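Hi everyone, thanks for coming.

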Amino acid sequence: MELPETGHDPVLMQEVLADLSIRPGITYVDCTLGRAGHSSAVARVLGPDGLLIGLDADPRNLIFAKERLADAPCRVRLFHANFAELQDVLSEAGITAVDALLADLGLSTNQLFDPAYGLSFAQPMPLDMRIDPRVTQTAADLVNELREEDLANVLYQLAQERYSRRIARKIVDARRVSPIKTTDRLAELVRSAIPKRGGAPEKIDPATRTFMALRMAVNHEMENLASLLEQAPKALKPGGRVGIISFHSMEDRAVKQAFRSMEQTGFLRLVTKKPLTPTDAEITANPRSRSAKLRIAERK
Ligand SMILES: C[S@@+](CC[C@H](N)C(=O)[O-])C[C@H]1O[C@@H](n2cnc3c(N)ncnc32)[C@H](O)[C@@H]1O
């Protein structure tokens, strides 16, 4: 698949603009600025009286986004931060409450392709997977240092990998021979641990689930999402809206449950009872959008 010119095509753009109620003059937070795809469109609506606060855990994407937003028609404040640090960022920006907040979870397409991140087995790369250099443990550290049982648990819990124990055993046997340092070696090990069965071959490479689980573990993705879901609704003004785009059933479940429980306590109103998903036309134009789900809630 070709890398888009900006490194990433934003998903559900019209839905974000309309259903997050983006309008001139508001204060908007993009918790996952990425390549500023959503933010550059939002900035055009905000206009000179609006304020865009953007954060990203990846300083490399942040540099790109800063350049892309250099001529934005609104005020812009950008931070190298994890969205789990949302409250700190808002305090630093001197903001007490915002009108709209978006988190578009996961990774941008350029991150998947770029060997510097060590996320892909499509080509040999050093096994890293950190999107934030402040994180200390790489995927290679986990794969070479975790106990066999803990490794199997990571694969099972984060990717529901049914062959988690076999894969963990294969990894532990292999690392006794020499440390596993590259994405292609890890992918080969995973494939060789999965029993060959008759019938149609799997649609996805069997290493995909292991790579996803390791990436989620390295970057503490579920813990950060839980922290964001705790902080984001409280950062809204009454009538302000939070939107979360997820690509993974575990993430979508966490968003759904957090919004529901805050609806039950009377703090939030659900704007989307069912998540918004891309149209067929969007999926055709951008196949990576196919698993996107957008849930939106409004502070009462
Ligand atoms: C799917 S991309 C966002 C793309 C963006 N909406 C656009 O249109 O260009 C996700 C971005 O979120 C960042 N990210 C992932 N987890 C994060 C976290 N916990 N805190 C802050 N940024 C995060 C990634 O580095 C990546 O740049």
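**Around the ligand**

Let's begin with the shell around the ligand: by class, it has ten nonpolar, eleven polar and four charged residues. Please keep in mind that this is a predicted model. In total, 25 residues surround the ligand, and the closest are H38, D56, N61, F83 and D104.

For N61, a polar side-chain atom is 2.8 Å from an oxygen atom of the ligand. G37 takes part through its backbone, where a polar atom lies 3.0 Å from a ligand oxygen. How much of the ligand does the protein bury? Taken alone, the ligand exposes 600 Å², and 97% of that is buried by the protein.

**Rings and charges**

Now to the aromatic side chains. The count comes to one aromatic pair. The ring centres of F121 and F211 are 4.9 Å apart with the planes at 75°, and angles over 60 degrees count as edge-to-face, so that is what we call this pair. The two partners are 90 residues apart: F121 is in the loop between helix 5 and helix 6, while F211 belongs to helix 10, residues 207–218. Buried or exposed? F211 counts as buried, at 4% relative accessibility, whereas F121 is partly exposed at 21%.

Finally, two arginines. R35 has its charged end over the ring of F64, 3.6 Å from the ring's centre. Likewise, the charged end of R60 sits over the ring of Y117, at 4.1 Å from its centre.

Technical notes:
Residues are numbered from 1 along each chain as its sequence is written. This is a predicted model: local features need pLDDT of at least 70, side-chain atom pairs count only at pLDDT 80 or more; totals for chains, interfaces and linings use all residues. Side-chain values use heavy atoms; hydrogens and water are left out. Rings of Phe, Tyr and Trp (its six-membered ring) pair if their centres lie within 6.5 Å; planes under 30 degrees apart count as stacked, over 60 as edge-to-face and the rest as tilted. Helices (H or I, at least four residues) and strands (E, at least two) are DSSP runs, numbered from the N terminus. Buried means under 20% relative accessible area, exposed over 50%, partly exposed in between (1.4 Å probe, protein chains only). A charge sits over a ring if NZ of Lys or CZ of Arg is within 6 Å of the ring centre and within 35 degrees of the ring normal. A residue is near a molecule or strand if one of its heavy atoms lies within 4 Å of it. A polar contact is a pair of N or O atoms within 3.5 Å; within protein, one must be able to donate a hydrogen and the other to accept it, and residues adjacent in sequence count only if both atoms are side-chain atoms. Accessible areas come from the Shrake-Rupley method with a 1.4 Å probe; for residues, only the protein chains shown count as cover. Ala, Val, Leu, Ile, Met, Phe, Trp, Tyr, Cys and Pro count as nonpolar, Asp, Glu, Lys and Arg as charged, and the others, Gly among them, as polar.
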